[in-house]
Amino acid sequence: MVAHRHRHRHRHLPSLVAIRAFEAAARLGSFARAAEELDTTAASVSYHVRRLEEQTGARLFLRHAQHVELTEAGASVAKEATRAFDALRASFMRAADMDATRLRLTALPTLGTSWLTPRLGGFRARHPQQVLELDLSAEPQDLAGGRFDAAIRNGHGDWPGLHAVELFPSVFTPLCAPALLEAATGLGGARLPDVPLLGRPDWWALWFQAFAQTPAPGEERFATNFAAEHLDVAAAIAGQGIAIGSPILFKAELDAGRLVQAHEGVASDGRSFWFASPAGRSNAPKVAHFREWLCTEAAAARHAARSLLRRVATP
């Protein structure tokens, strides 16, 4: 019988709304002031408190003409309720502080691996309190679901509901290891060099359309099909063929001499890389700080590639 009564009480625990109304009224000493804090009416607070008294069977307040007064039982409950809500408030404040310093970013694998990651030390030095969680994904991730705060995407920047800032254009050129440069001579001429091609066939098609005397080659001229541009370039560095890739994203490899341009022609598909964030959260400090730093890095990359960008051929 005792166990049955316990289960019955458990099924009829007071609602959190009623407990919240009681806690505010007890802490502030007034139904009217509690209503103001909770953005409701004094009548609503009074109703919820009375319901709480009915459900618990305990009188919690003495009601006077101009004020309310806690009973002994009410004072005992109020102490515990206030302690519990204070703990909840502190938890939410800690969560807010944690969220304010944690930026969740999703980016394309090649840009994230070859261009962004080597630069992140600079951001960390400028904002040491900021924690960055970086996801690399070829597929665009949903920024409306709350999992990510921002993204670096490739496209035209016209995404509804997002605030997008252009970083630099998407450009590509034939790249190879220095040891293959002589064999790659004549690329774009009347006769295709006998060297395997690496990378996206659609990029090669655009490049051949702009710079070659022959049509884009068929599938038989392509070597291993990799899932991402940085893998194509890694294979090119290893001497496995000529890759079509971005001279901006792989500037470090070009500067170090691990890669060379197999032809001076630079093409584009008309798209760019963009920093995008939900419009409603684009001015959040953690997003704004990263955007400011990223735009500075992108401006430096555009400046370094200015001679290449002047001669880009677009469809």
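Trainee: How many aromatic pairs does the count come to?
Mentor: The count comes to 14 aromatic pairs. Keep in mind that this is a predicted model.

Trainee: Take Trp204 and Trp207. Stacked, tilted or edge-to-face?
Mentor: Their ring centres are 6.0 Å apart and the planes meet at 80 degrees. Over 60 counts as edge-to-face, so that is what this pair is.

Trainee: Where do Trp204 and Trp207 lie?
Mentor: Both are in helix H8. They are three residues apart, about one turn of the helix.

Trainee: Is Trp204 buried or exposed? And Trp207?
Mentor: Trp204 is buried, at 0% relative accessibility. Trp207 is buried too, with a relative accessible area of 0%.

Trainee: What about the rings of Phe290 and Trp293?
Mentor: That pair is tilted, because the planes are at 45 degrees, with centres 5.4 Å apart. Phe290 and Trp293 are three residues apart in helix H11, residues 285-304, so about one helical turn separates them. Both are buried.

Trainee: Which residues do ring pairs link into a cluster?
Mentor: Phe123, Phe275, Phe290 and Trp293.

Trainee: Switching to charges. Which ring does Arg20 lie over?
Mentor: Phe85. Arg20 is over its face, 5.1 Å from the ring centre. Arg153 has its charged end over the ring of Trp159, at 5.7 Å from the centre.

Trainee: Now the core. How many residues are in the largest nonpolar core?
Mentor: It has 34 residues. Those with the most contacts inside it are Leu116, Ile152, Phe168, Phe275, Phe290 and Leu294.

Trainee: Which element gives the most to this core?
Mentor: H11, with six residues. Among the elements that supply at least two are strand S3 (102-107), helix H7 (120-126) and strand S10 (266-278).

Trainee: And what does Phe168 touch?
Mentor: Leaving out residues up to four places away in sequence, its contacts include Leu111, Trp115, Ile248, Leu249 and Phe273. Ser272 and Arg302 are also on the list.

Trainee: Which residues does the second core include?
Mentor: Phe172, Trp207, Phe208 and Ala212 are among them. That core is separate and has 18 residues.

Trainee: Last one, helix H9. Which of its residues are buried?
Mentor: Glu229, His230, Asp232, Val233, Ala235 and Ala236.

Trainee: What do they pack against?
Mentor: Helices H6 (109-116) and H8 (201-211), plus strands S6 (162-176), S7 (197-198) and S8 (242-245).

Trainee: And what follows H9?
Mentor: Gly239, with a positive phi near 85 degrees.

Key
Residues numbered from 1 in each chain as written. Predicted model: local features only at pLDDT ≥ 70, side-chain atom pairs only at ≥ 80, totals over all residues. Heavy atoms only, no water. Buried < 20%, exposed > 50% of the residue type's maximum accessible area, 1.4 Å probe, protein only. Helix = DSSP H or I, 4+ residues; strand = E, 2+ residues; numbered from the N terminus. Contact = heavy atoms within 4.5 Å. Phe/Tyr/Trp six-rings, centres within 6.5 Å; stacked < 30°, edge-to-face > 60°. Lys NZ or Arg CZ within 6 Å of the ring centre and 35° of its normal. Core = buried A, V, L, I, M, F, W, Y, C linked by side-chain atoms within 4.5 Å.
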